[in-house]
Amino acid sequence: MTAQVHVPSLFARAGTASLLTLAVTSSMLAPGLVDEAEAATHSTKALKVAASKKGAPYQYGAAGPRRFDCSGLTMYSFKKAGKKLPRTAQQQYNKTRHIPKSQRKRGDLVFFHSGRSVYHVGIYAGAGKIWHSPKSGDVVRLAKIWSKSVWYGRVR
């Protein structure tokens, strides 16, 4: 036996429906929609966490809360947003849903690669910029994406 959803009656009262009702309704009508919205919320939170670490010194192997390497910053930021990421940039790339540049959104991960190897990661901030922890002697900062050799990933 399958459950039937009477769509007209659900949306007839949409003006008075709560966001929760709409989210539940949307998930029944368009599976995956709520997952995308939830992913966007986690990504937005992670982006804010990364930005809040502006000026924190780079340290190889560090994952916060005061010092970071590149993947340590992304791992820390998403953990604070409620999502678990693996430790290295390559592992993080392997774990994300790969998306084309045309679909990138604020909070997506930006992976810098040489051939098939990922060597750096940051969090997309919009307008062609990322928050990242660049290298020894530098600090967490906002920077323009400097290479065309990048891939994009969305944390699920």
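Start by selecting His-132, which sits in strand E4 (residues 129–132); helices (H or I, at least four residues) and strands (E, at least two) are DSSP runs, numbered from the N terminus. This is a predicted model, where local features need pLDDT of at least 70 and side-chain atom pairs count only at pLDDT 80 or more, while totals for chains, interfaces and linings use all residues. Residues are numbered from 1 along each chain as its sequence is written, and side-chain values use heavy atoms, with hydrogens and water left out.

Stay on His-132 for a moment. Its relative accessible area is 2%, so His-132 is buried (buried means under 20% relative accessible area, exposed over 50%, partly exposed in between; 1.4 Å probe, protein chains only). Now show the side chain of His-120: it makes a polar contact with the side chain of His-132 at 2.8 Å. A polar contact is a pair of N or O atoms within 3.5 Å; within protein, one must be able to donate a hydrogen and the other to accept it, and residues adjacent in sequence count only if both atoms are side-chain atoms. Leaving aside neighbours within four places in sequence, the residues in contact with His-132 (heavy atoms within 4.5 Å) include Leu-73, Val-121, Arg-141 and Trp-146.

Arg-141 is a handy next click. Arg-141 forms a salt bridge with Asp-138, with the closest N and O atoms 3.1 Å apart (a salt bridge is a side-chain nitrogen of Lys or Arg within 4 Å of a carboxyl oxygen of Asp or Glu). Arg-141 is partly exposed at 33% relative accessibility, whereas Asp-138 is buried at 16%.

The structure holds three salt bridges, so pick up the others too. Select Arg-154 and Asp-108, whose side chains meet at 2.8 Å, N to O. This pair links distant parts of the chain, 46 residues apart: Arg-154 is in strand E6 (residues 150–154) and Asp-108 in the loop between strand E1 (97–99) and strand E2 (109–114). Arg-154 is buried at 8%, and Asp-108 is buried at 1%.

Then go to Arg-87 and Asp-69, another salt bridge, at 3.0 Å between the closest N and O atoms. Arg-87 lies in the loop between helix H4 (70–80) and helix H5 (89–95), and Asp-69 in the loop between helix H3 (33–52) and H4, so the pair ties together parts 18 residues apart in sequence.

Last, colour by pLDDT, the predictor's confidence in each residue, from 0 to 100. The protein chain averages 84, but residues 1–34 stay under 50. Where pLDDT is low, the predicted coordinates should not be read in detail.
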